[in-house]
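Open the model in your viewer and keep the selection tool at hand. The stops below run from the whole chain to single pairs of residues.

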Amino acid sequence: MFEYFPTGPYTWNLGVVATLNSGGLIDEVDRACRPIKDAANAGEDARTPEFLRAWTALTDQLVGQAEDAEKAGHTRTAGQLYFRASNYLAQAERMLAHSDPNRVPTYRRMLEIAQKAFDTHSPRVSRVEIPYEGTTLPAYFSAAPATDDGPAPVIVLVNGLDSTKEHMYASNHWEELAARGISCLMLDQPGTGEALRLQGITARIDTEVWAGAAVDWLETRADVDASRIGIVGWSLGGYYARARPPSRSGSRSAWPGGQPQLGRGAASSQGARGRAPGPPLLVARPLGVGPGRRREQPRRVPRLRRRHPPRRRRREDHRAVPHRPRRERPADPAGVRAPLLRPGGQLTEAGAPRVHPRGGRDRAHRSRPPPSREHLRRRLGGRHLRRAEPEGLTAVPMLFVTLPVRDVLTSRAFYEALGFGINEHSSDGHTAAVVVDDNIVVTLLTRESFPVDVGDQAAGPTVVHCLIVEDRPEVDDMVAKALAAGGTRLPATDDDSTYTGSFADPDGHVWQVRWMDQLHVVN
């Protein structure tokens, strides 16, 4: 699973992945998550309020943009913004505990944003109420375009343990079903979503009761083909989808009965609710549940091999062209990296096995080039012999300077004011990695975390750090930035060939910024 928070809680990473899978934009998700990357290390329970605040701030921004677009008459843009806002707030609300005081107000606002999304983004989706034991179950109904010409089949989407019908709406499953001529009922069954949060309807074992209520309501609609009603459940809803609604005479819904299994067809030709015998017209099965979920491994067909693989030699393979790399040399386990051939001759036969014990077949191990290439060897003077580089990346020399500081945040702000960047992946509450350039990194480390005892730099520095810049104005500019950020000015020097400005950071570390006249340097 993609982990935006590598050391953070699983639930936060799950929320990020679910948001992206439901149409969230990665730059908007990054905008919400970046300020709370450090908070993720404290655990999901300790920092859940910060997660909610960050994602609510993103939601507020999108809702404000949607309202402006709607006033300007840009209904499509407003609908897309409302749709993404409902997705983000649904994932943030999902993190809250049942007793959290923010849970109900956040959910109520999520319902308001979802209704605005229906009006501007999904006009064929509407809020409905399913009669159920003296009360109602909230749901969203998506009427497929096929209903304009007559009744259409319906799929009932069932929640898992902690999801809501708003998650199902954001998943866009209803839209894919509608494109295939199938309507969709997204249901908050007892124990989930709005049924639990606002109505206090808890889960029950006999799930066929509320499932039967959903089917009864669907059969009253003129745009529903009552003989083709199926159910799909995700997560825990996959188990709910196995329940049979109570049988009633005259009903012909194709609810999956018996023990449905992944990839095995209908479990019983006699469907639930008195369906007439025959093949099911529409059956949906819970994924990954029930016996037989493991498929038999496909048999491996042995490959036909030649006794002696043909040697494919082409004319261009034997040409010794200076700009063309030679055939790869054998591996060098000892890491000697010595050339097999030198322009003045070959390595000794005794040394070759030691350098390359797997050698022998490569042309570089031959005592001399083939006769057909001898004339090229003489003309090029051995210049066509190239030293093969080891596989992988070549290490680039870098300089890492670690400085002890009293307050990481203060020192970090100081160096950011100088125009340097911060490598967030190598920074935390005790460390800040300041990127001076591609090859120089200054690590700010709290004195408590420093590996050795360090003295007070203000009493007398032991190291002076010097940076070379392009021109004289850049020296004055960086010193001015340092003073504005809380640094201390130190004496400057100016002579014919160099100009040096100096300052000390808040912890007393001395820095010199130097311009050097290149003409004097060359001379």
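Among contacts (heavy atoms within 4.5 Å) between residues at least 6 apart in sequence, 65% join residues at least 24 apart. The model is predicted: local features need pLDDT of at least 70, side-chain atom pairs count only at pLDDT 80 or more, and totals for chains, interfaces and linings use all residues. Residues are numbered from 1 along each chain as its sequence is written, and side-chain values use heavy atoms, with hydrogens and water left out.

**Whole chain**

Show the protein chain as a cartoon. It holds 15 helices and 15 strands. These are DSSP runs numbered from the N terminus: H or I over at least four residues for helices, E over at least two for strands. Of the 523 residues, 42% count as buried. Buried means under 20% relative accessible area, exposed over 50%, and partly exposed in between, with a 1.4 Å probe and protein chains only. Switch to a surface. The accessible area is about 29700 Å², and 52% of it belongs to carbon and sulfur atoms. The method is Shrake-Rupley with a 1.4 Å probe; for residues, only the protein chains shown count as cover.

**The five-stranded sheet**

Select strands S1 to S5. They form an open sheet in the order S1-S2-S4-S3-S5, with mixed pairing. Strands pair if DSSP finds at least two bridges between them. The edges are S1 (125-132) and S5 (224-233), each pairing on one side only. From one strand to the next, the twist averages 30°.

Zoom in on S2 (135-142) and S4 (183-187). They run antiparallel, paired over 4 bridges. Ser142 faces Cys184 of S4 across this pairing.

H9 lies across S1, S2, S3 (152-158), S4 and S5, at about 120° to S1. Axes are lines fitted to C-alpha atoms, for helices over the stretch in contact, and angles run from 0 to 180 degrees between N-to-C directions.

**Salt bridges**

Which residues form the salt-bridge network? Select Arg127, Glu129, Lys165, Glu166, Asp188 and Glu194; salt bridges link them. A salt bridge puts a side-chain nitrogen of Lys or Arg within 4 Å of a carboxyl oxygen of Asp or Glu. The structure holds 24 of them.

Start with Lys165 and Asp188, whose closest N and O atoms are 2.8 Å apart. Lys165 sits in helix H6 (165-171), and Asp188 in the loop between S4 and helix H8 (193-197), 23 residues apart. Buried or exposed? Lys165 is buried, at 0% relative accessible area. Asp188 is buried too, at 0%.

Move to Arg124 and Asp148. Their closest N and O atoms are 3.1 Å apart. Arg124 is in the loop between helix H5 (103-120) and S1, Asp148 in the loop between S2 and S3, 24 residues apart. Arg124 is partly exposed at 33%; Asp148 is exposed at 57%.

Next, take Glu176 and Arg180, with 2.8 Å between the closest N and O atoms. Glu176 is partly exposed at 45%, and Arg180 is exposed at 58%.

**Nonpolar cores**

Select Phe5, Ile36, Trp55, Tyr140, Tyr169 and Met186. Of the 48 residues in the largest nonpolar core, these touch the most other members. A core is a set of buried Ala, Val, Leu, Ile, Met, Phe, Trp, Tyr and Cys residues joined through side-chain atoms within 4.5 Å. Center on Ile36. Leaving aside neighbours within four places in sequence, Ile36 contacts Phe5, Trp12, Glu50, Phe51, Ala54 and Trp55.

**The four-stranded sheet**

Select S8 to S11. The sheet is open, ordered S8-S11-S10-S9, with mixed pairing. S8 (399-405) and S9 (421-422) each have a single partner strand, so one side of each is left without a neighbour in the sheet. S10 (431-437) and S11 (440-446) run antiparallel, joined by 6 bridges. Val435 stands opposite Val441 in S11.

**Strand S14**

Finish at S14 (498-504), where 7 of 7 residues are buried. Thr498, Thr500, Ser502 and Ala504 are on one side; Tyr499, Gly501 and Phe503 are on the other.

S13 (488-494) pairs antiparallel with S14 over 5 bridges. A hairpin of 3 residues joins S13 to S14. Leu490 has Ser502 as its bridge partner.

On to S15 (510-516), antiparallel to S14 over 7 bridges. Thr498 is partnered by Met516. This hairpin has 5 residues between S14 and S15, and Gly508 in the turn has a positive phi of about 90°.
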